[in-house]
Amino acid sequence: MFLRTIAVLSVALTTAAAQQLVAELDPAPATIVTTNAQHALAGPGHVWFTAEAPGLGRELFRTDGTVAGTSLWLDHRAGAASSSARALAVVGNRVVFHAVNPLANEFAVFSSDGTAAGTVRMHGPLDHNTSVRVLGSANGRLVLVDNRANWRVITTDVNAGGSTMIGSFLEVGAAVEHNGELLLLGRWDDFGLWASNGTTLFGRRPLGGMAVSGFAALGGLQYFLVDDPTTQTWLWRTDGSAAGTMQVVALGSTQGQSSIATFGAQLLIGASNALFVSDGTAGGTTLVQPGSLTRSVTSLGSVALFTRRVAGGIQQELWRTDGTPAGTQLVFGPPHTYQGMVAAQGCAFAFATDATGFHHLLRTDGTAAGTWLLPMLTRPDQSSLAPLGANAIVTGALRPPFANTVEAYVTDGTVAGTSQLLQVQGGPGVRSTGRSTAVGETLLFVAETAATGSELWRTDGTAAGTQLVQDFAPGPANGIAEVVTYRGEAWFIAGNRLWRSDGTAAGSSIALQPDPAANSLFGLVANEDWLLFTSTNTLSQRLWRSDGTVGGTQQLDVAAPWQFFQSWRQLGSRTFYLKSEGSNRRLWCTDGTATGTTDLGLAFGIVSEIGPRLVFVRQVISGFQLVSTTGTAASTIVLGILPMPPQATAATDSRLVWADATGAVYATDGLLPPAALPVPIVRQPPVRGETAVYLVSEDPVAGRRLYRTDGTVAGTSLAATIGANTAGALTVATIGAGNRLFLAGSDGGSGNEPWISDGSQAGTYRLADLHPNGNSNPAWLGTAGQVGYFVADDGQRGRELWKVDLGAVGAANVQPFGVGCNGAAGEPRQFAGNLPRPGTNLSLGIDRAPPSSFALWLFGTGIGNQPVGGGCTVLVQDLYFILWNVTDAAGRATVQLALPANPALIGMMATSQGSMLDPLGASAFGTSVTPGLLLVIGA
């Protein structure tokens, strides 16, 4: 009946286009912002790297480790054309780089002081496939090699330019500057030691083998390692002359991978399955530790780091040594492969890949307590590390989870001390957007603009109603990164404080500062009853749970140095979390009391929750053990063994679905062993729709395609494609309550554009071609009321805010709003058992109410705010219909509403709220009240 009333009273559906531009958040002129940062190179006080920028192409940038000190260093090929520059060496106040010659169709080697006038061509012509290395200098001339024809040795003047070829090799190894000459290891017919005075190349001594290390200086001599033809690894030394070049000592059978470093007043050598120290003499060379292959020796002052291969595999452990057997200890045991280790002031950084193929950034000071993996994904093959003081500059870092941007970061090895130096998108337009949340019919979201940095915005779907809430960190500095809804308001972190907001500047205030000594708060999540987050300082983290009040905020774990938390989840009254102390990571569960806190044992990671159970993995010899628990030892069961841990998950009502690092897809109900699902390679997080989980496969033949699954093999099938061969990106997000999907992809006939799908091929169509001459690269932002929002670039205004009316695409919405008030069982809840559609029965329920109590449902067409005493509020506006029922013994009640089979209802909105007679009800009428529920009818 009441929906017939809606049909009579409602206005006609909009006839405007389904998608509309809402507002330009950043209409300012374009600023230099970059993407695809690579090839970091350290110099005195700065790091140089290459990056792409709108209107600039790929050019050289420089940073001192601050955002303000990061800028374009040289636009070598002026304008939008790219010079494809790559820095090779820093010589005094000049940088040597390989780039396109702006005056000719060639690549060449240049040196520059950062100005066009101070840039000279040193060597060329070359092509883009030519590899160039700078070996060093001799008598003021730079020596480099290129592989245009074998390895040509070139000398050049770094200030005046001009080059001369002085030799050629089949192979060039290490080189070092020594007493005014450049010594190098090279092979033509024979392998030997060579020297250059900057104008000529001299052969000094044949070595009869193959170099397997660089040079290390000690006592005015240079030392290096050579594998001879008899498969023996030898330590050699040289004073630069033929007579002064000689073998020192044999170290054992060759392994082809060895390293040497100066370590105080001695040498540290990793060779032939052992670690040695040496004073440079045969008698002074001693074995420190035998074992598996030792590599990557890095000096950290009084100690040195090295990696050792795990027996029977290619992965390694991280060790430290002071040069004695007793002082040689394991630092970090979980097996990883390490790449690109660099030493900074007092610490070292490296890329670390675990047994699953997942990439991390390792930070270590040479102690177990000071070693951890930074929770930031990286791709070593596209990444580089350069030390800068006590920090590191990382290029090629990926924003978790599953992002595809390659950027430049500065890090001190902590989450709080890691920040992006340059931005992702070009202006005008927002550079990036973070999380969003709905407060009634208003969407609150995080957007980053050139003027404000990353801050909180609001929109009601109109240009006038779209505005910055507040610049919490004034100016371009980033203020916030995430926002959640809790008890009818937006909550977010700014600095080390937790804020609450009704979406206006006047209604935004500091709610909590739980840890004044913290540098920042991090990882805010919310459910119906609690907020969870951590506070972070340079030594450790603390995990907090809060009901939004000072008195209701508690630390969930005892504070300890070098303690870090991950993956906190709230299930019912229990909080689950991973706690890492050094390399030891364990799963804990707590109800907030000491007696209700349980250590559930070693855990590699939390997967997700399914019903009342938490699913997690443990690393075992045979792979990864999949385990589920309700928080007690007795309820913990092993589900099976996986070859790799889950990477991202989504769930139906009864089954959990995930993909691992290889792209394989599995599912479980939390009680039975996992089953593999027939979906090709999946690299993106799965997404839950109304009745199924959707996944984007990367079929090697057919391209990217949309699959759907109910978590069973029989219920898994191809859902839709948007082109015969979707070679470009394809991403998926749910709209509203999930009966419609928002896709971003290309059908081959247009660029990357927004698409809509109901999960079938027939119901999949392009919403619009927003950028006819390019890619609009849309990204879904969120839903509030009857409107969905996304950001896209139409090629004219940059990346800005767009909307789509839910009725125009048939999307339903079921959205809580407002705050209820407590009764005998706390705050009662209201929920929908199914989505509102014409011609169906809509089921609405109430729980956490008093048993056998009279319950009313109030229905209206809008959102109100009428106080009824005791802190209780009637949230339904334009009340026109009431239903009633009686709760059962468990405090639950439901009503069924028959919706007319009238398509004109699609897109219309109603609001509802429940109220129960309650002996402890807070209202003036002796009732408890639920929060509101906003309902948009879908197709």
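Biologist: What makes β16 and β17 a strand pair, and which way do they run?

Modeller: Five bridges join β16, residues 191-196, to β17, and the two run antiparallel. Pairing asks for at least two bridges, so the term applies. One of the contacts can be named: Ser 196 has Leu 201 of β17 as its bridge partner. Keep in mind that this is a predicted model.

Biologist: Which sheet do β16 and β17 belong to, and in what order do its strands lie?

Modeller: The order is β14-β15-β16-β17. It is an open sheet of four strands with antiparallel pairing.

Biologist: Why are β14 and β17 called edge strands?

Modeller: Each of them pairs on one side only. β14 covers 171-178 and β17 covers 201-206. From one strand to the next, the twist of the sheet averages 25°.

Biologist: What holds strands of a sheet together in general?

Modeller: They pair through backbone hydrogen bonds, in parallel or antiparallel fashion.

Biologist: Now β23. How do you know whether strand β23 is enclosed or open?

Modeller: Count its buried residues. Buried means under 20% relative accessible area. Four of the five residues in β23 (259-263) are buried, so the rest of the structure largely encloses this strand.

Biologist: What is the partner of β23, and how many bridges join them?

Modeller: The partner is β24, residues 266-271. Five bridges join the two strands, which run antiparallel. Ile 260 stands opposite Ile 269 in β24. The two strands form a hairpin with two residues between them, and there Gly 264 takes a positive phi near 65°.

Biologist: Why is the contact of Glu 827 and Arg 487 called a salt bridge?

Modeller: The closest N and O atoms of Glu 827 and Arg 487 are 3.1 Å apart. The cut-off is within 4 Å, so the pair qualifies. By this rule the structure has 20 salt bridges.

Biologist: What does the salt bridge of Glu 827 and Arg 487 tie together?

Modeller: Glu 827 is in the loop between β74 (813-817) and β75 (829-832), and Arg 487 is in the loop between β43 (483-486) and β44 (489-494), so the bridge ties together parts that are 340 residues apart in sequence.

Biologist: Are Glu 827 and Arg 487 buried, partly exposed or exposed, and how do you know?

Modeller: Glu 827 has 13% relative accessibility, so it counts as buried. Arg 487 has 33%, so it counts as partly exposed.

Biologist: What makes Glu 698 and Arg 704 a salt bridge?

Modeller: Their side chains meet at 3.8 Å, N to O. Glu 698 is partly exposed at 23% relative accessible area. Arg 704 is partly exposed too, at 21%.

Biologist: How far apart are the closest N and O atoms of Asp 847 and Arg 829?

Modeller: They are 2.6 Å apart, and the two residues form a salt bridge. The pair links distant parts of the chain, with Asp 847 in strand β76 (841-847) and Arg 829 in strand β75, 18 residues apart. Asp 847 is buried at 6% relative accessibility. Arg 829 is partly exposed at 27% relative accessible area.

Biologist: Which residues are linked with Asp 847 and Arg 829 in a network of salt bridges?

Modeller: Glu 528, Asp 529, Arg 848 and Arg 892 are in the network with them.

Biologist: Why is Trp 884 called exposed?

Modeller: Exposed means over 50%. Trp 884 has a relative accessible area of 55%, so it passes. It is found in strand β80, residues 881-886. Trp 884 also forms a nonpolar surface patch with Phe 854, Val 886 and Leu 917. Together the four have about 400 Å² of accessible area.

Biologist: And Phe 472: buried or exposed?

Modeller: Buried, at 15% relative accessibility. Phe 472 is in the loop between β42 (467-470) and β43. From Phe 472 to Gly 453 is 19 residues in sequence and 9.7 Å in space, C-alpha to C-alpha.

Biologist: How many helices and strands are in the chain, and how do you know how compact the chain is?

Modeller: There are two helices and 84 strands. The radius of gyration is 32 Å, close to the 30 Å that the globule rule gives for 939 residues, so the chain is as compact as a globular protein of that length. The C-alpha trace spans about 105 × 65 × 55 Å along its principal axes. Of the 939 residues, 54% are buried.

Notes. Residues numbered from 1 in each chain as written. Predicted model: local features only at pLDDT ≥ 70, side-chain atom pairs only at ≥ 80, totals over all residues. Heavy atoms only, no water. Axes fitted to C-alpha atoms, helices over the stretch in contact; angles between N-to-C directions. Buried < 20%, exposed > 50% of the residue type's maximum accessible area, 1.4 Å probe, protein only. Patch = residues over 30% accessible without salt bridge, like charges linked within 9 Å, V, L, I, M, F, W, Y side chains within 5 Å. Areas by Shrake-Rupley, 256 points an atom, 1.4 Å probe, with all protein chains shown as cover. Rg over C-alpha atoms; globule rule 2.2 N^0.38 Å.
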